[in-house]
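This report describes one protein chain for a reader who is new to structures. Please look at the sequence and the model before reading on.

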Amino acid sequence: MATSGAWRERSSSLPEPLPLLDGAAAQPNRPDFSSLPELSTTSPPRNALGPLREPLFRTLWIAAVVSYTGSWMQNVGAAWLMTSLTMSPLMVGLVQAAGSIAVFMVVLPAGALADMVDRRKLLLFTQSWMVLAAAALGALTLAGKITPALLLVLTFLMGFGAVLNDPAWQAITPEVVSRRNFAAGVAWNSAGFNVARAIGPAFGGLIIAAAGSGLAFLLNAVSFFGVIYFLYRWKREPAKVSVSTRRMISTMFDGVRHMRGSPSVKAVLVRSAVFSISASALPALLPLLAHPFGSQGYGLLLGFFGVGALAGAAVMPLLRRVASSDTLVSVSTAIFAFTTFAAPEWCTFSLLSLTMFVAGVAWIQILASLNVAAQTMCPSHMRARAISMYLLVLQGGLAGGAALWGEIAELVGTPRSLTYAAIALLLGLPAAAWFKLHTADLQPSTAGMD
C-alpha cells in the first residue's frame, strides 16, 4: 500500500467504527484526501501496535492476511500441479510468468484508473474477478479436466485481476489508518503479507498432499470474501481527484511524462528491473528442485522462504540504522545470488531449507528498499500511477525472467540455469553506482513494505 497526504489527529481524520466492526449505527463523511499535502517521511515513530487499535485498519488487515494466505496456497497448488502434468522446466517456469505477465497489459491503465474512479468499487470488481478465476480453476481441477494450457490460461486470468487490483489496493492505506500510525501501518501490512508467505505454502502443501490442488484453489476463492465484505460495508466517500474528468489514456501519459524526467524514478525502475529479471529464476524453478520431497516439502520450502522474509523485515529497522538503502540492496543481492547458485547443489532437505530461509531474508531487504523508494518517488496525485510503473517493471521482470530461465533450463538443465542467474545478479551490482536510491531520509519503520 502507499503513502498519502498529511492527516489530522485520529479523532478528526478517521470515521467512527463500521457496523461490522463495533456495531456503530452510522458513518460520517470522510475528508477529501486529494487536496492534502504530502506525508512527511521523517515524522517521529509511533507505537508499533497503534494501527491495530484502529478498527478500520485492524479489520482490513485481518481480512488481507486471510486472503494472502489463500493466494500463497494457490501459488503452491498451481506450481505443483504443473509438475504433475509435465516436468518440462519451461512449462513450470511459465506458471509464474502466467501469473504476472498481465502486468505488461494492464498495470499502467490500472494505475490511471485507480486515480480516476472510486477505488472501493474498483477493488470490489477486481476481488470478485479473482474469486471467479480461482473457483473455475478449482472446479476444473477437481473434475479432472485441467491441462497444462488451461492451467496457464486460468493462472493468467488470476494474475490479470491481481494486476488490476494492485495500484488501487496499495493506494488506500492512508484512508484506513491515521497519519500518526501510518509508518507502523505500512510495517504491519508487510508483516501480514510475510506471515501469510510463511504459513500459506505450508498449509497449501498439506492440503495438496491430502486432497489435491483443486481444494487449495477453492479455498483461495473463499479467502477473498473477507476483503470483499469489508469493502462492501466500508462507507467510503470517493475522494475528489483532479484527473477524474480526463480520459484514461491522457491520465496515464501525464504520469509517464512526469516520471520520465525524475532521477528518483529512473533509479527505482532500473534497480527493480536489474534485480527482478535474474532473481526470478529461483522461485520459478524451485518446484523442480523440490520435486523429490513431494508437495509438502515444496510447501515447507516456500514456508522457510517466508519465515526468512518475516525475520528480515523484523531486523530491517536495525540494519537501516547502520547501512544505507544502496548498501542493503547490494549486499542482499550478493547473498541472494549465492543462494540461487547453492540451491541446486544441496542434496538434503535441511540444507535446502536453510538456503531458502537465507534467500527470504535477502529478498525482503531488497524489495522493501525498492518499495519504499517507489512509494515516495512521486507526489500524491500521481501515486497510483507511480506505483503502477514500479509494478510494471518489477512484476514484468519477474514474469519475463521466469519464462527466460525456464527456457534456459530446458536447454542446459536446471542447475546450470540457476548458476547463470546467480552470475547475472552479480553482474547487475554496478548499477548501484549510477542509480542510487533516494531513501536515506525515510524512517526505518517504513521499510517493511513488501
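The sections below go from the whole chain to single residues and pairs.

## Basis of the report

This is a predicted model, in which local features need pLDDT of at least 70 and side-chain atom pairs count only at pLDDT 80 or more, while totals for chains, interfaces and linings use all residues. Residues are numbered from 1 along each chain as its sequence is written, and side-chain values use heavy atoms, leaving out hydrogens and water.

## The whole chain

The protein chain has 20 helices and zero strands. Helices (H or I, at least four residues) and strands (E, at least two) are DSSP runs, numbered from the N terminus.

Of its 450 residues, 57% count as buried. Buried means under 20% relative accessible area, exposed means over 50%, and partly exposed lies in between (1.4 Å probe, protein chains only). The accessible surface comes to about 17300 Å², and 68% of this belongs to carbon and sulfur atoms. Such areas come from the Shrake-Rupley method with a 1.4 Å probe; for residues, only the protein chains shown count as cover.

A contact means heavy atoms within 4.5 Å. Among contacts between residues at least 6 apart in sequence, 88% join residues at least 24 apart.

## A buried serine

Ser272 lies in helix α13 (residues 263-279). Its relative accessible area is 0%, so Ser272 is buried. The side chain of Ser272 reaches the backbone oxygen of Val268 at 2.7 Å. Leaving aside neighbours within four places in sequence, Ser272 is in contact with Leu370, Tyr390, Val393 and Leu394.

## Aromatic rings

The structure holds 12 aromatic pairs. Rings of Phe, Tyr and Trp (its six-membered ring) pair if their centres lie within 6.5 Å; planes under 30 degrees apart count as stacked, over 60 as edge-to-face and the rest as tilted. The rings of Phe230 and Trp234 have centres 5.8 Å apart and planes at 35°, so this pair is tilted. Phe230 counts as buried at 1% relative accessibility, and Trp234 is buried with a relative accessible area of 1%.

For Phe305 and Trp363, the ring centres are 5.7 Å apart and the planes are at 70°, so the pair is edge-to-face. This pair links distant parts of the chain, with Phe305 in helix α15 (residues 294-322) and Trp363 in helix α17 (residues 349-375), 58 residues apart. Phe305 is buried at 10% relative accessibility, and Trp363 is buried at 9%. One aromatic cluster is formed by Phe125, Trp129, Phe156 and Phe160.

## Salt bridges

Side chains of opposite charge can pair when their charged atoms come close. A salt bridge is a side-chain nitrogen of Lys or Arg within 4 Å of a carboxyl oxygen of Asp or Glu. By this rule the count is two.

Arg119 forms a salt bridge with Glu175, their closest N and O atoms being 3.8 Å apart. Arg119 is in helix α6 (residues 119-142) and Glu175 in helix α8 (residues 173-176), 56 residues apart. Both Arg119 and Glu175 are buried. The other salt bridge joins Asp326 and Arg271 (2.7 Å, N to O). Asp326 lies in helix α16 and Arg271 in helix α13, so the pair ties together parts that are 55 residues apart in sequence. Both Asp326 and Arg271 are buried.

Key. A polar contact is a pair of N or O atoms within 3.5 Å; within protein, one must be able to donate a hydrogen and the other to accept it, and residues adjacent in sequence count only if both atoms are side-chain atoms.
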